[in-house]
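Please look at the model below with its two chains side by side, and follow the contact between them before turning to the annotated spans and to a single residue.

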Amino acid sequence: MAGAHPLLLSSDVRDWVFIPLTLAIVLMKLLTQYMHQLFNSPPPNNKELKEVREMQAVTRSGRLRGAARFIPETSFKMRKEYFAGEKGFFTQKPVTRSPQEAMATDPSMMVDMMKKNLTGMVPQLGMGMVVNFFFQGFVIGKVPFPLSPRFKPMLQRGIDLASLDVSYFTSLSYYILLLFGLRGLFSLVFRDEVVDETEMMKRQMNPMAAANPMGVDMEAMFKQERTALNAMDHEWELESAEERAVDLLRRQIKAKKL
Amino acid sequence: MPPKKGAKSKPDELINPAAYKANFQALGFLRNFVAIISGIVVGICGVVGWHGFVYHFVAQLACAAAMILKGCTHPPSYFVSWNTLLFFGVFSSTTMLSYILFWMIFYNLCHVF
């Protein structure tokens, strides 16, 4: 294979293609970053008071279950009655809608996602097309290490020379390499808020998991909390606290005396 | 130097989440920086071949050593363990790709044309 003959590329290619392409992509990425920051308003918080109240009630009862050892029996019973009793909080029907409904009837979330997609993906695709149109059909540079022939279609789109060394790449593949490599550079320049496209892609792959912070199904959670609270056995750890304190102090006094 | 974590009491340690996160961010920043700089240097020198990656790992180790010298005297108290300091971002795609990219750019600029 032609590994021993280094291709001689004229310096015109370097002046007119390599450097301008790099600069153009860097500038485009900067632009998209700033556009993202400008357009990125926080998603509208359209939760009603009742929904917020329900979520917080669930949190409270979870905390109650966790820290029940520290409150005396009557207090615990009062709280349990409030949550899981006959006319308790958790026996009422929750107002929160299930996530499916919420996503479908919520136009503002859709608009938000579309905005994010627009400012993120479209300039990159557009630039890719521009690069492909202008800088097509020639080799632009060399990768410093030898690669196996499987990388040939990846690095040399549009050139069908079988004997061309795999290390040489075309402008389109260089564009894609730039897109990935500049992520690192940009995370240095902007400390936060950087890589939005990979996050968006990950988010698109699990739309259900990320979309709804309201909780999966309020009714099921209410039931869960109710049964958990009813099944709890309460033991007040501090019950014998006074006697234990007296013991400890006695021992200490004895020890000091000796 | 990033702040220490919270009070240590055997056997469990308390971790101050803000400080921990700030430590990690500092480490990531440094790793990225070292990757880019070492990529540029290696590209200008004209290193060709797979052993160019060895320089990347050497540079990352040097970065960890510099961190230890500079202020992080006892790594388990700043990060959870030695492994975190040594291996945290070394194999992450961001640093590797940045290294490759800058290596490529500067090699091309200086040696191919």
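This is a predicted model: local features need pLDDT of at least 70, side-chain atom pairs count only at pLDDT 80 or more; totals for chains, interfaces and linings use all residues.

The side of chain B that touches chain A has no charged residues, being made up by class of 18 nonpolar and six polar residues. As to where these residues sit, helix H1 (17-45) and helix H5 (93-112) of chain B are the elements that give two or more residues to the side touching chain A, and H5(B) provides the largest share, 14 residues.

Counted by residues, 24 of chain B are in contact with 29 of chain A. The size of an interface is often given as the accessible area lost when the parts come together. On that basis, the area buried between chain B and chain A is about 2,300 Å², and carbon and sulfur atoms give 77% of that area.

The annotated spans can be taken next, beginning with chain B. For this chain, the UniProt record, an unreviewed entry, carries the annotation "transmembrane region" at residues 29-49 and 85-106. In the model, residues 29-49 of chain B are 81% helix and 0% strand, with the end C-alpha atoms 27 Å apart, while residues 85-106 of chain B are 77% helix and 0% strand, with the end C-alpha atoms 29 Å apart.

For chain A, the UniProt record, again an unreviewed entry, places "transmembrane region" at residues 16-32, 118-141 and 161-182. Residues 118-141 of chain A are 71% helix and 12% strand, and here the end C-alpha atoms are 32 Å apart.

Why does B:Ser38 count as buried? Its relative accessibility is 11%, and buried means under 20% relative accessible area, so B:Ser38 falls in that class. When its neighbours within four places in sequence are left aside, B:Ser38 is in contact with B:His56, B:Ala59 and B:Tyr99.

Key
Residues are numbered from 1 along each chain as its sequence is written. Chains are lettered from A and ligands numbered from 1 in the order in which they are written. Side-chain values use heavy atoms; hydrogens and water are left out. UniProt positions are given in the numbering used here, feature names are shortened, and annotations may be inferred rather than shown by experiment. Helices (H or I, at least four residues) and strands (E, at least two) are DSSP runs, numbered from the N terminus. Contact means heavy atoms within 4.5 Å. Buried area is the accessible area (1.4 Å probe) that two parts lose on being put together, summed over both. Ala, Val, Leu, Ile, Met, Phe, Trp, Tyr, Cys and Pro count as nonpolar, Asp, Glu, Lys and Arg as charged, and the others, Gly among them, as polar. Buried means under 20% relative accessible area, exposed over 50%, partly exposed in between (1.4 Å probe, protein chains only).
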